[in-house]
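Work through the following exercises with the sequence and the coordinates open beside you, and try each task before reading its solution.

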Amino acid sequence: MSHDDFPTDHPAVVTCGLPYANGDLHIGHLRTYVGGDVFSRALNRLGQETAFVSGSDMHGTPVAVNAEKEGVSPESFALDWHETYAETFPKFNVEFDNYGHTHDETNTQTTQGLVRDLEEGGHLYEKDIMVAYDPVDDQYLPDRYVEGTCPYCGAHARGDECDEGCQRHLEPGEVEDPVSTISGNPAEYRERTHKFFEVSAFADYLSDFLDRLEGTSNARNQPREWIEQGLQDWCITRDMDWGIDYPGGEATESPRGGGETADHDLVLYVWVDAPIEYISSTKQYSGRVGADAFDWEAAWKENASDEHPEGGEIIHVIGRDIIQHHTIFWPAMLEATGHAEPRAVMASGFVTLGGKGFSTSRDRAVWADEYLEEGFHPDPLRYYLATNGGFQQDVDFSWEKFADRVNTELVGTVGNFLYRSLLFAHRNYDEAPIAEATSDEVEERIEEAIAAVEAAVNDYSVRALGDAVTGLARFGNEYIQRSEPWKLVDDEPEEAAQVIHDCVALAKAIAVLFEPIAPEKCERLWDQLGEDGSVHEVTVEAAREGPAGDLAEPTELFAQIEDERVEALNEKLESRVAEAESDDGERDADDGGDSDSTDDGSGDHDDTDDMTDIEPLSDDRISFDQFQELDIRVGRIEEAEGIEGADDLLRLRVDLGAETRTIVAGLKQLHDVDDLPDTKVIVLANMEKAELFGVESNGMVLAAGEEADLLTTYEDAAPGTKVK
């Protein structure tokens with residue numbers, strides 16, 4: 001791995017978190033897969049050797065539980081969903097170089113081999129632990145078969161994760177007041193002997209690794225708190241039949257005595273074999289195309305080649321709820337076994353629906369197949385998911401917002417420029433208008449767009465990729481409107497030809513640079529431009545070459561979404577949700593309640609119902625005079641820096657017009673510190689002063705929700721303006 005700007009001479013592997021093979025995909029799941037596909041394609045634009053891989057997560061208790069409900073084997077159940085995913089992703093132009101699954105022979109052998117390496121390296125040990133047990137049904141309850149209370153924050157928690165509270169990974173035996181998710185019976189804890197990976201021994205390495213890690217800031221900041229609190233060793237085996245067997249068959253007897261010895265069969269914990277599928281899938285890709293085309297060992301192993309002794313550029317694109325697995329457990333496993341560490345982790349925010357979390361049990365979701373059945377093209381959704389906010393921020397989907405982005409940006413800006421330019425060119429020229437060269441102004445603007453795309457890739461910002469192209473199209477609209485070639489074509493034909501040449505050159509640059517986000521539409525645009533080959537095969541150099549081919553008669557690339565269509569879609573969604581909630585209410589009355597915290601079919605656990613529930617409005621009212629006592633002002637952050645010894649706090653210097661104040665705010669884990677200067681914020685200016693970690697705070701910055709969504713202004717209100 002290098003830390004040079006892309007493209008580098010090292011082979012790159014882009015991965016996406018594995019979807020659990022146990023349910024339909026909705027557009028919330030698609031965010032990370034679209035993001036990974038966009039980033040992989042963008043690397044290819046720059047000329048980076050890249051493999052884009054993933055696979056279905058076949059193991060774990062969610063699969064076993066749902067298979068049992070349907071009366072089929074876990075393998076048969078998971079394979080059906082795996083095949084569904086493999087067919088669905090290409091429909092959204094998510095084109096993996098290899099899409100495998102965790103139960104195939106390659107991953108089984110790779111996983112068992114890596115675990116043997118851990119054991120031979122002295123990184124594993126046995127330990128007697130307390131495992132939940134249902135005494136009524138005489139059944140041990142690993143992971144998702146048990147739920148209870150988180151010992152760290154007190155929230156309701158699953159057996160392996162505090163999914164409704166602090167999101168901390170939980171080891172077997174940690175959940176308090178355990179209950180069987182199968183029978184509803186209260187559980188008790190009994191001793192069993194299991195295998196542990198000594199993660200705590202890698203604390204210093206992991207701290208240094210996070211200093212080197214690139215990607216989104218949440219992937220760097222969140223794990224630091226876990227390291228500072230002290231890493232716990234990781235139980236890597238489970239008492240169940242479905243999974244990859246611990247290598248060597250049955251475990252050995254516990255050397256410590258006590259409890260039941262490990263003469264029972266063990267399978268590896270799903271989070272052991274799931275990330276190893278990244279390696280296995282890359283192996284399969286190399287096996288198909290040959291090591292000369294892509295060498296998996298050069299990418300994944302240290303000292304595998306003289307040319308790349310430190311390995312390749314590994315980039316993981318995941319949901320933010322599995323940051324800990326990818327920045328603590330996984331890099332420790334890689335370091336212990338001589339594999340290359342990840343260069344970057346891009347952790348996405350969640351997708352909500354009309355301000356509420358997706359709920360699969362209540363059918364409050366826009367399903368992947370439903371989106372396509374409505375007749376929508378996949379590329380507008382790719383654009384919406386990729387460019388609607390920063391990658392680590394939550395995205396709220398509504399049909400209104402989707403239609404507005406499509407109509408305003410894709411139809412009104414990008415599509416409008418392309419259609420009007422190419423239609424005029426086609427009607428007035430037999431071939432692409434050839435001037436001496438692209439004008440200096442347009443050539444400079446194309447170079448700026450290419451530079452913006454290169455910067456976006458190196459900043460791991462899929463949104464900036466889209467912004468670079470819409471900015472180029474916006475310039476094109478302004479340029480053609482200013483130049484008015486329709487007035488020049490008869491009297492000043494050479495000037496008209498120059499303008500249209502420039503516009504077609506801009507259209508070609510858009511086709512090249514927009515391909516990562518809208519690949520199918522850009523291939524169609526490429527054909528309209530009369531260019532040779534495929535737009536998927538070219539690099540950014542093609543954007544500099546100018547037009548060359550015979551122009552075909554253009555058609556409009558993007559379709560307007562009418563208000564009536566949005567209304568019909570909303571009615572259909574609301575009706576479906578109401579029906580599902582009615583059915584759910586009947587189930588609650590019959591069986592005492594139905595938890596909505598079951599896995600939603602995504603390896604990234606995008607079901608955010610419980611994380612985004614809105615608190616009821618307070619019945620306690622204040623008078624207008626009391627409100628007037630609050631001095632709320634517009635501010636602009638001038639400086640932002642961390643406070644020594646504080647995990648979450650930042651020292652901000654905020655311009656409030658009349659003066660600049662120091663304010664301490666708990667934003668460090670939730671925002672990229674470098675992005676905060678020049679941000680408009682809303683400040684409670686007459687808050688009492690307070691001293692935090694030796695810094696006097698003189699005011700309060702206002703933000704919404706647990707993710708600290710900073711309040712700001714819609715227009716350009718000056719610092720010091722009073723909010724009233």
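**Fold and overall dimensions**

In this predicted model, the secondary structure of the chain amounts to 20 helices and 27 strands.

**Exercise 1.** Determine whether the radius of gyration of the chain agrees with that of a compact globule.

Solution. Begin with the chain length, 724 residues, for which a compact globule would have a radius of gyration near 27 Å. Next, take the value for the chain itself, 28 Å, which agrees with that expectation. Finally, for the extents along the principal axes, note that the C-alpha atoms fill a box of roughly 95 × 75 × 55 Å.

**Exercise 2.** Describe burial, contacts and accessible surface for the chain.

Solution. First, apply the burial cut-off of under 20% relative accessible area, by which 57% of the 724 residues count as buried. Then consider the contacts with a separation of 6 or more, of which 75% join residues 24 or more positions apart. Last, the accessible surface comes to about 30,300 Å², and 43% of it belongs to carbon and sulfur atoms.

**Exercise 3.** Locate the largest nonpolar core and examine the surroundings of Trp399.

Solution. The largest nonpolar core has 124 residues, and those touching the most other members are Ile315, Phe397, Trp399, Phe402, Ile510 and Phe514. Helix α16 (residues 493-514) supplies the largest share of this core, with 15 residues. Leaving out residues up to four places away in sequence, Trp399 touches Val366, Tyr371, Phe376, Val566, Leu569, Asn570 and Leu573. Apart from this core lies another, of 53 residues, including Ala51, Ala219, Trp296 and Ala336.

Methods: Residues are numbered from 1 along each chain as its sequence is written. This is a predicted model: local features need pLDDT of at least 70, side-chain atom pairs count only at pLDDT 80 or more; totals for chains, interfaces and linings use all residues. Side-chain values use heavy atoms; hydrogens and water are left out. Helices (H or I, at least four residues) and strands (E, at least two) are DSSP runs, numbered from the N terminus. The radius of gyration is taken over C-alpha atoms; the globule rule is 2.2 Å times the number of residues to the power 0.38. Buried means under 20% relative accessible area, exposed over 50%, partly exposed in between (1.4 Å probe, protein chains only). Contact means heavy atoms within 4.5 Å. Accessible areas come from the Shrake-Rupley method with a 1.4 Å probe; for residues, only the protein chains shown count as cover. A nonpolar core is a set of buried Ala, Val, Leu, Ile, Met, Phe, Trp, Tyr and Cys residues joined through side-chain atoms within 4.5 Å.
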